[in-house]
Protein chains: 2
Amino acid sequence: MAQKGEFELIREFFRRPVADAGVRLGIGDDAALLALPVGEELVVTTDTLVAGRHFPDSAAPFDIGWKALAVNLSDLAAMGAQARWVTLALTLPDSDETFLREFARGFFALAEREGVSLVGGDTTRGPLSITVTALGCVPAGLALRRDGARAGDDLYVSGCVGDAGLGLRLELGQWLDELAPLARDTALQRLHRPEPRLALGLALRGMASACLDVSDGLAQDLGHLLAASDVGAELELSALPRSAALADIDSAFADILALTSGDDYELLFTASPEARKAIAALPLACARIGRVTAQAGLRFLRAGVPVEMPVAGFTHF
Amino acid sequence: MAQKGEFELIREFFRRPVADAGVRLGIGDDAALLALPVGEELVVTTDTLVAGRHFPDSAAPFDIGWKALAVNLSDLAAMGAQARWVTLALTLPDSDETFLREFARGFFALAEREGVSLVGGDTTRGPLSITVTALGCVPAGLALRRDGARAGDDLYVSGCVGDAGLGLRLELGQWLDELAPLARDTALQRLHRPEPRLALGLALRGMASACLDVSDGLAQDLGHLLAASDVGAELELSALPRSAALADIDSAFADILALTSGDDYELLFTASPEARKAIAALPLACARIGRVTAQAGLRFLRAGVPVEMPVAGFTHF
């Protein structure tokens, strides 16, 4: 019996019916043709995951597919964009049918849940890496940018922070004994199957003054937001939202994880104090963790008292 | 003296002033914000180049940057799109300043010539590979698709075909003695620094009934066009446009090269016979190489006489 060709496998696993009327022409021509709603701007982002760097070689193919899409959708969420279309560039060492099937299953589990259509791609042979380009749209003028924070604004972060960093430690064989099985599962799930906060991003249109997603660690990403907005901030450590998983570990280390954990993909945003009631009513809990100051720099407080934290920005490659 | 950080190098080489008023927000936020002209559709394509597969490890970094962009712009050309914006996902084994400078020089030499703005990207550590996503626009309904060829249409290809395939043979150490130095240079230039036919693509709007770019070899790509349009074709071998470089080699092999050479990035298109005068007046020479038939399949002629050619489609990964 003849083995299926790679091309056939790709077609089998990656060509799905497209329900989006904005897709005038999908996979199969030299390029896709897409129609944007009138009055909306296009939002574009691209991110690569490399095996052994952004996920362990042992990662489940389902999770790799999910995460490759999730990290890109998270950028759209951070802009307040409606996620619409993606392209997928997949570089594979060989045509492993099981890998392709599971990768596609993970990718489309998230894509279909979020109403995102795969409109193009390229498959090449080489060391495993995945580049997704995600396209969304947002009414002109309503995108959430990094540069709109003003002194006096409140500072928020969605969900919980630090779990993905804990998951990474677990992958590296650290902290295994300190954690209960449920806490381990939570942390690993956050690391391998992140949740892009798309609904929150949409809800924050016209409400957040600045926003980004926490991909490199809260302290570092906050630094980017403050620099872009030309302001500073005070951050209250006791207000950092932590999952029960982080409660199991030493609290000083939990603070560091909450501030430096990459891959959490929560939204970090600022808003005027007038928005407090609206933000408290959002379906996803957002913790008020500090306030924006005219004075530049990031200062840490614990129960209102200034403290030093060893979390200076680091170069991320 | 401290070495420059990778981040700083990327910023230095890849952040250029953007003149395009459609770029509402470029590099530096979670995603780019782009405004499409009213009444136009978005055209999106993505292609990856992997070291050792799509270019030799010895390739000049300038050429790698050029080609990574060119192969994507070629897809936009094949759609009749105006090229506008690109994202660049660059995976690098290390932060080699010379490589980055030269890669960026090649990339922007083409980008700036074609008025294309880099609006986003990602730099990661890993085996060298480059994924570009190219975005263009085209008035709704005017895109050149693969599926519009009709029986009786003429079949054309732009420029010359076969040179890039000859260049690849030269890279593999073949044919070196048969070719004059000038012919070698031509063939290697075509392979390493392809020319996306953007101006031709724009000129063919409303004129070509179907179009694609020759990236996998003329015979194979023509097969895709015929299948999409549900037609067949007769192709006259003596009409295949060949550069002087191909004149130096055995003519039977030159035919095969012209039919199977990937990487030529010429446009292959069909048009009604009424368009002959307009096509003859195009600034880039386009050779009439055959005609579209209602009968399915691709048949070869030499001086009008049917011949067999050993160029059955092959699986391309």
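Predicted model: local features only at pLDDT ≥ 70, side-chain atom pairs only at ≥ 80, totals over all residues.
Helix pairs are a handy place to start. Two packed helices are described by the angle between their axes and the distance between the axes. In chain A, α4 and α5 (residues 181-192) pack with their axes 7 Å apart, at an angle of about 105°. Since angles of 65 to 115 degrees count as roughly perpendicular, α4(A) is therefore roughly perpendicular to α5(A). On the α4(A) side, the contact is made by A:Asp163, A:Ala164, A:Leu166, A:Gly167, A:Leu168, A:Leu170 and A:Glu171. Facing them from α5(A) are A:Arg184, A:Thr186, A:Ala187, A:Leu188, A:Arg190, A:Leu191 and A:His192. Sorted by class, this contact of α4(A) with α5(A) comes to seven nonpolar, three polar and four charged residues.

Chain B has its own α4 and α5 pair. Here the axes of α4 (residues 163-171) and α5 (residues 181-192) come within 7 Å and cross at roughly 105°, so α4(B) and α5(B) are roughly perpendicular to each other. The residues that α4(B) brings to the meeting are B:Asp163, B:Ala164, B:Leu166, B:Gly167, B:Leu168, B:Leu170 and B:Glu171. Their partners in α5(B) are B:Arg184, B:Thr186, B:Ala187, B:Leu188, B:Arg190, B:Leu191 and B:His192. The class tally for α4(B) with α5(B) is seven nonpolar, three polar and four charged residues.

Another pair in chain B is α2 (residues 61-78) with α3 (residues 97-113), whose axes lie 6 Å apart at an angle of about 35°. The crossing of α2(B) and α3(B) is right-handed. From α2(B), the residues involved include B:Pro61, B:Phe62, B:Ile64 and B:Trp66, while the α3(B) side includes B:Phe99, B:Phe103, B:Phe107 and B:Leu110. The contact of α2(B) with α3(B) divides into 13 nonpolar, two polar and three charged residues.

Back in chain A, two aspartates deserve a look. A:Asp163 is found in helix α4 (residues 163-171) and is buried, with a relative accessible area of 1%. Setting aside neighbours within four places in sequence, A:Asp163 is in contact with A:Thr186, A:Ala187, A:Arg190, A:Ser243, A:Ala245, A:Leu246 and A:Asp264.

A:Asp153 sits in the loop between β6 (129-139) and β7 (154-158) of chain A. A:Asp153 is buried too, with a relative accessible area of 4%. The side chain of A:Asp153 makes a polar contact, at 2.6 Å, with the side chain of A:Ser209. Leaving out residues up to four places away in sequence, A:Asp153 also touches A:Gly148, A:Thr270, A:Ala271, A:Ser272, A:Pro273, A:Arg291 and A:Val292, along with A:Ser209. One of these, A:Ala271, is 118 residues away along the chain, yet its C-alpha atom is separated from that of A:Asp153 by 5.2 Å.

Helix α9 (residues 251-260) of chain A has several buried residues: A:Phe253, A:Ala254, A:Asp255, A:Leu257, A:Ala258 and A:Leu259. What covers the buried residues of α9(A) includes the helices α4, α7 (218-229) and α8 (244-247) of chain A, as well as the strands β9 (232-236) and β12 (297-302) of that chain.

B:Thr131, in strand β6 (residues 129-139) of chain B, is buried at 5% relative accessible area. Its side chain makes a polar contact with the side chain of B:Thr48 (2.8 Å).

Finally, the backbone. Most residues other than glycine have a negative phi, and most peptide bonds are trans. B:Tyr265 is not a glycine but has a positive phi of about 55°. B:Tyr265 lies in the loop between α9 (251-260) and β10 (267-271) of chain B, and at 7% relative accessibility it counts as buried. B:Ala303, likewise not a glycine, has a positive phi of about 50°. The place of B:Ala303 is in the loop between β12 (297-302) and β13 (305-307) of chain B.

Notes
Residues numbered from 1 in each chain as written. Chains lettered and ligands numbered in written order. Heavy atoms only, no water. Axes fitted to C-alpha atoms, helices over the stretch in contact; angles between N-to-C directions. Helix = DSSP H or I, 4+ residues; strand = E, 2+ residues; numbered from the N terminus. Parallel < 35°, antiparallel > 145°, perpendicular 65-115°, else oblique. Contact = heavy atoms within 4.5 Å. Nonpolar A, V, L, I, M, F, W, Y, C, P; charged D, E, K, R; others polar. Buried < 20%, exposed > 50% of the residue type's maximum accessible area, 1.4 Å probe, protein only. Polar contact = N/O pair within 3.5 Å; in protein donor to acceptor, adjacent residues only side chain to side chain. Left-handed = near helix turned anticlockwise from the far one by under 90°.
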